[in-house]
Amino acid sequence: MLSHLKRRFPASRSRKRRPGLQFQIEGLEGRTMLSLTAINFGATVSSPPVAIGGNLFFAATDSSHGTQLWMSNGTSAGTVRLSDGNDSYGGINP
C-alpha cells in the first residue's frame with residue numbers, strides 16, 4: 001500500500017561535507033541593534049512602512065487631517081507629516 005511513497009520520496013541520502021567550508025562567527029560590535037521604542041506622534045499608522053535611505057515613509061491618520069503621508073527617522077522629534085490636503089474629505093489617502 002505504501003510502496004508508491006518510496007518512489008516519490010526516496011530515503012534521504014547522507015550529505016558529504018565539502019572541504020574548506022567552515023562556520024564563521026561574526027562580531028556584533030559596530031552593528032546597530034533593533035530597538036522597539038514606541039513613538040507617540042498623535043496619529044495612527046494605516047499602511048506598512050517603506051524604508052528609504054534611513055527614513056520610514058508611511059500613511060497615518062489623525063482626527064484633524066485624515067490620512068496623510070508621514071516620514072520618520074525613528075524619533076518622536078523626527079516624525080513629521082509630509083502632505084496636507086483634502087482635509088474635509090478625510091485626507092489624501094496616499
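## Aromatic cluster

Phe41, Phe58 and Trp70 together make up one aromatic cluster. The model examined here is a predicted one.

Two aromatic pairs are present in the structure. One of them joins Phe41 and Trp70 in a tilted arrangement, with 5.0 Å from centre to centre and 55° between the planes. Phe41 belongs to the loop between helix H1 (3-8) and strand S1 (44-45), whereas Trp70 belongs to strand S4 (residues 66-72), so this pair ties together parts that lie 29 residues apart in sequence. Trp70 is buried, its relative accessible area being 6%.

## Surroundings of Asp62

Asp62 is part of strand S3 (residues 55-62). Leaving aside residues up to four places away in sequence, Asp62 touches Gly42, Ala43, Trp70 and Arg81. The side chain of Asp62 also reaches the backbone nitrogen of His65, at 2.8 Å.

Which side chain of opposite charge is nearest to Asp62? It is Arg81, 4.3 Å away. Asp62 is buried yet has no salt bridge, because such a bridge requires a side-chain nitrogen of Lys or Arg within 4 Å of a carboxyl oxygen.

## The salt bridge

Side chains of opposite charge can pair when their charged atoms come close. The structure holds one salt bridge. Its partners are Arg81 and Asp84, whose closest N and O atoms are 4.0 Å apart.

Arg81 is partly exposed, with a relative accessible area of 30%, while Asp84 is exposed, with a value of 52%.

Technical notes:
Residues numbered from 1 in each chain as written. Predicted model: local features only at pLDDT ≥ 70, side-chain atom pairs only at ≥ 80, totals over all residues. Heavy atoms only, no water. Phe/Tyr/Trp six-rings, centres within 6.5 Å; stacked < 30°, edge-to-face > 60°. Helix = DSSP H or I, 4+ residues; strand = E, 2+ residues; numbered from the N terminus. Buried < 20%, exposed > 50% of the residue type's maximum accessible area, 1.4 Å probe, protein only. Lys, Arg positive; Asp, Glu negative; His and termini not counted. Polar contact = N/O pair within 3.5 Å; in protein donor to acceptor, adjacent residues only side chain to side chain. Contact = heavy atoms within 4.5 Å.
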